Amino acid sequence: MNTLKENLGDGYQQVIIGFITFLVGAIWGGMNAGTDMIAADVYWPAVIMLSGAMITLLGTTFGTNYEDDRSNDLQQALNELAAKMDSLIDSHKTEEE
């Protein structure tokens, strides 16, 4: 298991749990699929699959030790926007004085 932690980072357990959850939903949906199926037959399996995919995605993006693998674009964009707003406010204050 140590190699999984080295390859996937600290979120490796979350990745494994998410992948297993996704597979359970896929198998469940495959068992419900048939010629006379309706959308309600695969609703809960689809929810389980999507939940597993999100758990896996979060495990890979936030659980990694490598900065290049992290998904922090939103945080960086918010920080840049806040810095620009601060500079605009400061420049507006100096113009008024």
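Contact, in these notes, means heavy atoms within 4.5 Å.

**Entry 1: ground rules**

I am working with a predicted model, where local features need pLDDT of at least 70, side-chain atom pairs count only at pLDDT 80 or more, and totals for chains, interfaces and linings use all residues. Residues are numbered from 1 along each chain as its sequence is written, and side-chain values use heavy atoms, with hydrogens and water left out.

**Entry 2: confidence**

I looked up pLDDT, the predictor's confidence in each residue, from 0 to 100. The chain has a mean of 79. A pLDDT of 70 or more is reached by 74% of its residues. Among the elements, helix H1 (residues 2-8) has the lowest mean, 63. Helix H2 has the highest, 89.

**Entry 3: the fold**

I counted four helices and zero strands. Both are DSSP runs numbered from the N terminus: helices are H or I with at least four residues, strands are E with at least two. The order from the N terminus is α-α-α-α. I also looked at contacts with a separation of 6 or more, and 58% of them join residues 24 or more positions apart.

**Entry 4: surface**

Of the 97 residues, 14% count as buried. Buried means under 20% relative accessible area, exposed over 50%, and partly exposed in between (1.4 Å probe, protein chains only).

**Entry 5: Thr-56**

I found Thr-56 in helix H3 (residues 43-62). Is Thr-56 buried or exposed? Thr-56 is buried, because its relative accessible area is 19%. Which residues touch Thr-56, leaving aside neighbours within four places in sequence? The contacts of Thr-56 are Gln-14, Val-15, Gly-18 and Phe-19.

**Entry 6: a nonpolar patch**

I met Phe-19 again in a nonpolar surface patch, together with Leu-23, Ile-27 and Met-31. The four share about 440 Å² of accessible area. Patch members have over 30% relative accessible area and no salt bridge; like charges are joined within 9 Å, nonpolar side chains (Val, Leu, Ile, Met, Phe, Trp, Tyr) within 5 Å. A salt bridge is a side-chain nitrogen of Lys or Arg within 4 Å of a carboxyl oxygen of Asp or Glu.

I checked two members. Leu-23 sits in helix H2 (residues 12-32). Leu-23 has 37% relative accessibility, so it counts as partly exposed. Ile-27 is also in H2. Ile-27 is exposed, because its value is 53%.

I placed Met-49 in helix H3. Met-49 is partly exposed, at 25%. Beyond neighbours within four places in sequence, Met-49 is in contact with Phe-22, Gly-25 and Ala-26. From Met-49 to Ile-27 the C-alpha distance is 9.5 Å, across 22 residues of chain.

Ile-20 belongs to H2. Ile-20 is partly exposed, at 48%. How far apart in space are the C-alpha atoms of Ile-20 and Gly-52? They are 7.3 Å apart, though 32 residues apart in sequence.

**Entry 7: aromatic rings**

I searched the whole structure and got one aromatic pair. The rings of Tyr-43 and Trp-44 have centres 5.2 Å apart and planes at 80°, so the pair is edge-to-face. Rings of Phe, Tyr and Trp (its six-membered ring) pair if their centres lie within 6.5 Å; planes under 30 degrees apart count as stacked, over 60 as edge-to-face and the rest as tilted. Tyr-43 is partly exposed, at 49%.

Note on methods
Accessible areas come from the Shrake-Rupley method with a 1.4 Å probe; for residues, only the protein chains shown count as cover.
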